[in-house]
Amino acid sequence: MAIKVHGSFFSPATMRVLACLHEKGLDYEFVPINMGTGEHKKEPFILLNPFGQLPGFEDGDVKIFESRAITQYITYTYTDKGTPLVYHDPKEMAVLFVGMQVESQHYDPPAGKLAWELTIKPFLGMDTDEAVVEEQEVQLAKVLDVYEYRLAQSKYVSGDSFTLADLHHLPTFHYLMGTRAKAVIDARPHVRAWCADILARPAWQKVIAMQHS
């Protein structure tokens, strides 16, 4: 049975999964979910993700949700395909696990809120909350100061190879680079170079192309 991704081309979490599939060079079927009509809160989608959040994922009899869990499943199931995205050495993997936790626990909270306020809300015709933006820019700056130090020592956040720790940042970086929050990234030269590098990856460019198809 083919891999199926149930989601939206504009959903950051869905984009994260699609980026992983393209890095692995895997074929899949995309099943669009219309959030505007609340399709993500109804059956059959909530049978895939009971929390009603995108995306849902199927690979044969495997049915899972949560984008970071899905990317790990893909990476470990299809180790012989495409970009490795993980390490084999336990010590290198320990650093990778830290990088993944930092992304989800420290980077994503302010970055995700900024993406919502500066990109998604205007798209939906809603007003941006300037107080939230200012607060989250300060928080993101603190996090990226740590990244700047780290990236002065290695090409990527968890070593010298592109891994899941880098890939997981792609959707929010993509949205932030089109907003005023870009200045927070550009102010840190190692972060800026790393961001430009990962956003230019062919697999990611394929994901972005889907938004314009």
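S11 lies in the loop between β1 (3-7) and α1 (12-24). Helices here are DSSP runs of H or I with at least four residues, strands are E runs of at least two, and both are numbered from the N terminus. This is a predicted model, in which local features need pLDDT of at least 70, side-chain atom pairs count only at pLDDT 80 or more, and totals for chains, interfaces and linings use all residues. Residues are numbered from 1 along each chain as its sequence is written, and side-chain values use heavy atoms, with hydrogens and water left out.

Stay with S11 for a moment. Its relative accessibility is 10%, so S11 counts as buried. The classes are buried for under 20% relative accessible area, exposed for over 50%, and partly exposed in between, with a 1.4 Å probe and protein chains only. S8 sits in the loop between β1 and α1 as well. S8 is also classed as buried, at 16% relative accessibility. Which residues does S8 touch, leaving aside those up to four places away in sequence? They are T14, F30, I33 and L54. A contact means heavy atoms within 4.5 Å.

The C-alpha atoms of S11 and P55 are separated by 8.1 Å, though the two residues are 44 apart along the chain. P55 belongs to the loop between α2 and β3 (56-59). The peptide bond joining L54 and P55 is cis, with omega about -5 degrees. L54 is one of the residues that S8 touches.

Another cis bond is found at P44. The peptide bond from E43 to P44 has omega near 10 degrees. P44 lies in the loop between β2 (29-32) and α2 (45-48).

Next, the backbone at two residues with positive phi. E66 is not a glycine, yet its phi is near 75 degrees. E66 is placed in the loop between β4 (62-65) and α3 (67-77). Its relative accessible area is 43%, so E66 is partly exposed. L85 is likewise a residue other than glycine with positive phi, near 70 degrees. L85 falls in the loop between α3 and α4. Is L85 buried or exposed? L85 is buried, at 1% relative accessibility.

Now the helices. The axes of α4 (residues 90-123) and α5 come within 9 Å and cross at roughly 155 degrees. Axes are lines fitted to C-alpha atoms, for helices over the stretch in contact, and angles run from 0 to 180 degrees between N-to-C directions. The crossing angle therefore makes α4 roughly antiparallel to α5. Angles under 35 degrees count as roughly parallel, over 145 as roughly antiparallel, 65 to 115 as roughly perpendicular, and the rest as oblique. The crossing of α4 and α5 is left-handed, meaning that the near helix is turned anticlockwise from the far one by less than a right angle, with clockwise giving right-handed.

On α4, they include V95, V102, H106, Y107, L114 and L118. On α5, they include V132, V133, L140, V143, L144 and Y147. By class, the contact of α4 with α5 has 14 nonpolar, 3 polar and 5 charged residues. Here Ala, Val, Leu, Ile, Met, Phe, Trp, Tyr, Cys and Pro count as nonpolar, Asp, Glu, Lys and Arg as charged, and the others, Gly among them, as polar.

Q101 is also part of helix α4. Q101 counts as partly exposed, at 47% relative accessibility. Q101 and E58 are 43 residues apart in sequence and 24 Å apart in space, C-alpha to C-alpha.

Helix α5 has a further partner. The axes of α5 (residues 130-151) and α9 (residues 189-199) come within 8 Å and cross at roughly 80 degrees. That angle makes α5 roughly perpendicular to α9. The contact of α5 with α9 comprises 6 nonpolar, 1 polar and 1 charged residue.

Finally, the cysteines. How many disulfides does the structure hold? The count is 0, where a disulfide is a pair of cysteine sulfur atoms within 2.5 Å. C20 is in no disulfide, and the nearest cysteine sulfur, that of C195, is 19 Å away. Seen from C195, the closest cysteine sulfur is in C20, and 19 Å is too far for a bond. C20 is buried, with a relative accessible area of 0%. C195 is buried too, at 0% relative accessibility.
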